[in-house]
Amino acid sequence: MLTTPDFTEITPTADIREDRHGNRAKCLQRLARLGLPVPPTVALSCETVRAIADGRMPDMEALVGLFGDGALLSVRSSSETSDWGGPGTILNVGMSDVIAERLSETHGPDVAGAVYTAFIRTYAVHVHRLDADEFEGPITPRLAKAAYESEMEESFPQDPTVQLAEVLRSMARAWEGTSARLLRQARGAPIDAGLGLVVQQMALGPAQGISGAGVVQFVSPETGEPRITGRYLPRGQGRQALTEGAAQFIERDPRGPALEDIAPDQVQALRDAHALMRTRLCEEMQIEFTLMDGALSILDAVSAPRSARAEVAIAVALAESGVISRDEALTRIPPFTLNGLLHRQISADADRDVLTSGIPAAPGAATGKIVFSAAAAQAAAAQGEPCILVRRETSPEDIRGMHAAQAILTERGGATSHAAVIARGLGLPCVAGATLLQLDQRKKTLTVPGRKVFHEGDIITLDGSAGEVLAGSVAMIEPALGGAFATLMEWADAARDIGIRANADTPEDAAMAQRFGVDGIGLCRTEHMFFDAARLTVMREMIFAENAQDRAASLDRLLPMQRADFIELFEIMKGQPVNIRLFDPPLHEFLPRDREGIRAMAEALDLPVSRVAARIESLQEVNPMLGMRGVRLGISVPEIYEMQARAIFEATIQASRKGAPVVPEIVIPLVTARREVELVKASIDGIAAEVRAKTGAEFTYHLGVMVETPRAALRAGEIAEHAEFLSFGTNDLTQMTYGLSRDDAGRFMSAYVQQGVFPEDPFRQLDVDGVGELMLIGAERGRAARPDLTLSLCGEHGGYPDSIEFSRKAGLDYVSCSPFRVPVAKLAAAQFAIKDKALQADVKASP
C-alpha cells in the first residue's frame, strides 16, 4: 500500500475518509473490504484536488507508476455526497500510439482504433474544451490526432503522465467553476465543499473471449421491488451499455439476448456481490462492471437510482429484512420525497415540450383542457372533462372552480399566494408566477411568447413539482399510498413526539386528511363553506341587509347549511378534535368585481344595478387585509359569529348522539386585544347556554385565539386568561411582522434572497429569528398565565420540516398543515424525535 500526502492507494486498511476523499473512494474501499474484485485504485484527497486547481501538481511519475507500464486508467469524481455531482468520468487515460499498437496485436485493429479514437475525442472535447464537431462522425485515430493538433497547434501527448495531469487539472478546475458551484449549492452542498478524485486501472472491456461492460441493479428504479434491471454491452466500456442499442439484458429474457445466456457464472457472481453489498453496506446498489476474457471486475457501486416510490419501498424492505433498523429507515428518506408518492408525477421517460416555467407552488402533475374561469371549470367537471384553471391570480370566489379543476396555473403570485395555499390543501398541482404568460381573459387566450396562442379547450400539462407548463398530454405515474408507504407512516407515528393535524375546510378535505392518519383538524376555515353557488346568494343577501333583523333572517337560512357541514366533519373525524376558525375575511370578498358579475347579482337579489354597485363600493377598503375582518367583523356584526356558534353546538349534539363524543374547538381570528376575546367569549357562551336550554343536552367546547398579529403574541399572557389554546397563524403573523403581502412578495423575493436580504422566502421557511421570537414570547407568556394552555402552529409553514423542528423546541403541542403535507410533516417529526433520542443516548453513554 502506498500513501503520500497527495494520494492514497485504496486498500481494505488504508486511511480513506469520506469527508477527505469523497463518497466514491470510501465506497470502493468498502467493496475491497468485502473481497470483491475491484481493480487497483488510487484516491486523491480534496486538499490535493484544490492544489491541482491552483496549479500545484502531485508527483505524477509516482502516481502513474503505481499502475505499471502500459496500464489504461479511468478518472472519476468523488464528492462527499453523490448528490453534489462532479465532472464526468474520463476513460482510457494513457492511450498512445504504442499502446494502440499493442492492443492491435492482442485484440485486433478495430478494438484498438475504437478505443484510441474515443480517448482522443474525450481528451480534446472534455479536457481541452475543443469544438466537438471536429471529432464527430466516422473518424480514425490518425484523423482525430490531426484535428487535435490543428486546434491545439501541438502534437497529441503520448506520455501517460502528461495526459493524466491534464485530466486531473481539467476536472479540478471544472469543480471550482461558477456554474458547478451554484449547482451543487442548490443541491445542499456548503460553499467550501471539496472534490476528491479516483484514479483506477481499467479492466479492458473490448478484450478477447467474453468481454464487455455493463451496469446492473437488483431493484426496480420505479417501484423498488426486487427485479434485475440493467444492460451489458459486448466489447463495451464504462456505461455505454445504458445508451447503446446493441446492449443486452443481464438475466435471461424472452425479449432478446442476455449476458446470462453465455456467462451464467458471472451473472451469479453479480447476484452474490449484490447480496453481500445489500447486507454489509445496508443499501441497494447499482453496480458498474466489466468482463475481460470472462474475468469479472467491479469498477464502481453507487446507490441505485430510484423514484420516490422506490426509495420508500427500499428503505422499508431493508428494515423488514433486518438489514437496518426502523429508525434508520425513517431517517434515510428526505421528507419532501413523499410528495412523489402522494401525487401523480410525469414519467421520467416522457418527452417534455416545456412552454414556460414559474414557481413550483404545489407538487404533482395533471393534464387537461384550458379554462379561464371558475364557472368554466365547474362546467368541464360536470361533463367529466379534466381541466386546468388558468387565472391571472385566484381569489376566494374561485374556490369552487379550483375544486373542479385538475390543476391551477396563475400568471401572478408565489409559493404562498392564494392559489398555492388552496392548491396544496386540495392536493392539486399548481404553477404560480408564470410571468412570461400573456393572459387575455376577454378573448380567452393564453399566449406563450415565441411559441403559439392557446385557446380555451386546448390541452396542456402542468408539472407543479418542477414549476413547468408543458404542451399537450404527457405520460404519468400514478400515486401509491399503500404498501411500503403505509408501513412507513405507521413507523413515523410510533416515533414522533408532536401532534400532526390537518387544515381541512370541507368534508372532502377531512376525508383526505383521515386517509393520512391525522391527529385531528387543526384549522377549519369556515368562510370557504360559503362559496357554493346556492350559499353565495344567501351570503350576499346577508351583506346587503339593511338592519340586524334582515341580516339575522339571511343567517337563519345559512344556519342549517353550516350545521350540516359541521355534522359531516365531526362524523368523519370520529371524536378527534376539530378546530373551527370563525369567519375571517372581509365581506367584499363575497361580492363580484366585474360588471357582468354585478349585473348577475342584481338580478339574483332583485335589486337595481346601481344600488348593488354602490353597496359594493361602500364595502371597499384601502387595505382590506388590515381592515374589517376577523374578530373586528365578529364584534361589529355579531350575528355572524352567533350563527356559526349555534351551528357548531347543534352539530356537536347531533354528531355525538350518532358516534364518539365531540368536543369542538372554536378559534377567534385576528385578535389583538384581551377585550376582543372577552366580548366574543361572552357571546359564544351565551349561545351555548341557549342551545343547552333548548335541547336539554350537555356538551363541552374549547375556545381559543389565533395569534396572527405581533401584538397578540406580545400580550399573550392576558389573552390566555380567556383562552384555552393559542394557535399561531404564521401566514398572517409573517405578513404583519414583515409588513409584506404574501401575494405580492413574489415580485421581488427572488432578488431579496439572491442578494442575502433574507436567507429564504419567509412565507416558505419560517423566520425563526423574527416571527419565531414572537412565537416564543407568546408561548412563554401564555403558559405563564395558564400552564395548561395548548399551543399550536397552523399556518402553511406547518408542513415544513424546519418549522416542525422549531415547534418541537418551542414546546408546541401540534402543528397543522394541508392534508397532502401531513405525511411530510409526520416523517419530519419522526426524524427529529429519533435524532434527539440518539443525542440523549450519546449523552448518557459519555463518561
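Tutor: Start with glutamate 411. Its relative accessibility is 17%, and it counts as buried. Keep in mind that this is a predicted model.

Student: Why is glutamate 411 called buried?

Tutor: Buried means under 20% relative accessible area. Glutamate 411 has 17%, so it counts as buried.

Student: What makes arginine 392 and glutamate 411 a salt bridge?

Tutor: The closest N and O atoms of arginine 392 and glutamate 411 are 3.1 Å apart. The cut-off is 4 Å, so the pair qualifies. Arginine 392 sits in the loop between strand 14 (387–391) and helix 16 (399–404), and glutamate 411 in the loop between strand 15 (407–410) and helix 17 (418–426), so the bridge ties together parts that are 19 residues apart in sequence.

Student: Is arginine 392 buried or exposed, or partly exposed?

Tutor: Partly exposed, at 26%.

Student: How do you know which class aspartate 69 belongs to?

Tutor: Exposed means over 50%. Aspartate 69 has 72% relative accessibility, so it counts as exposed. Aspartate 69 also forms a salt bridge with arginine 102, with the closest N and O atoms 3.2 Å apart. That pair links distant parts of the chain, 33 residues apart. Arginine 102 is in helix 5 (residues 97–107).

Student: What makes arginine 496 and aspartate 493 a salt bridge, and which class does each fall in?

Tutor: Their side chains meet at 3.0 Å, N to O. That is within 4 Å, so the pair is a salt bridge. Arginine 496 has 14% and counts as buried. Aspartate 493 has 32% and counts as partly exposed.

Student: How many salt bridges does a search of the whole structure find?

Tutor: The search finds 56. Among them, bridges that share partners join Glu251, Arg252, Glu260, Asp261 and Arg271 into one network.

Student: Why can glutamate 151 belong to a surface patch?

Tutor: Glutamate 151 has 40%, so it passes the area test. Glutamate 151 is found in helix 7 (residues 141–152).

Student: Why is serine 347 called buried?

Tutor: Its relative accessible area is 15%, and buried means under 20%, so the label holds. Leaving aside neighbours within four places in sequence, serine 347 is in contact with Ala475, Met476 and Ile477.

How values were computed: Residues are numbered from 1 along each chain as its sequence is written. This is a predicted model: local features need pLDDT of at least 70, side-chain atom pairs count only at pLDDT 80 or more; totals for chains, interfaces and linings use all residues. Side-chain values use heavy atoms; hydrogens and water are left out. Helices (H or I, at least four residues) and strands (E, at least two) are DSSP runs, numbered from the N terminus. Buried means under 20% relative accessible area, exposed over 50%, partly exposed in between (1.4 Å probe, protein chains only). Contact means heavy atoms within 4.5 Å.
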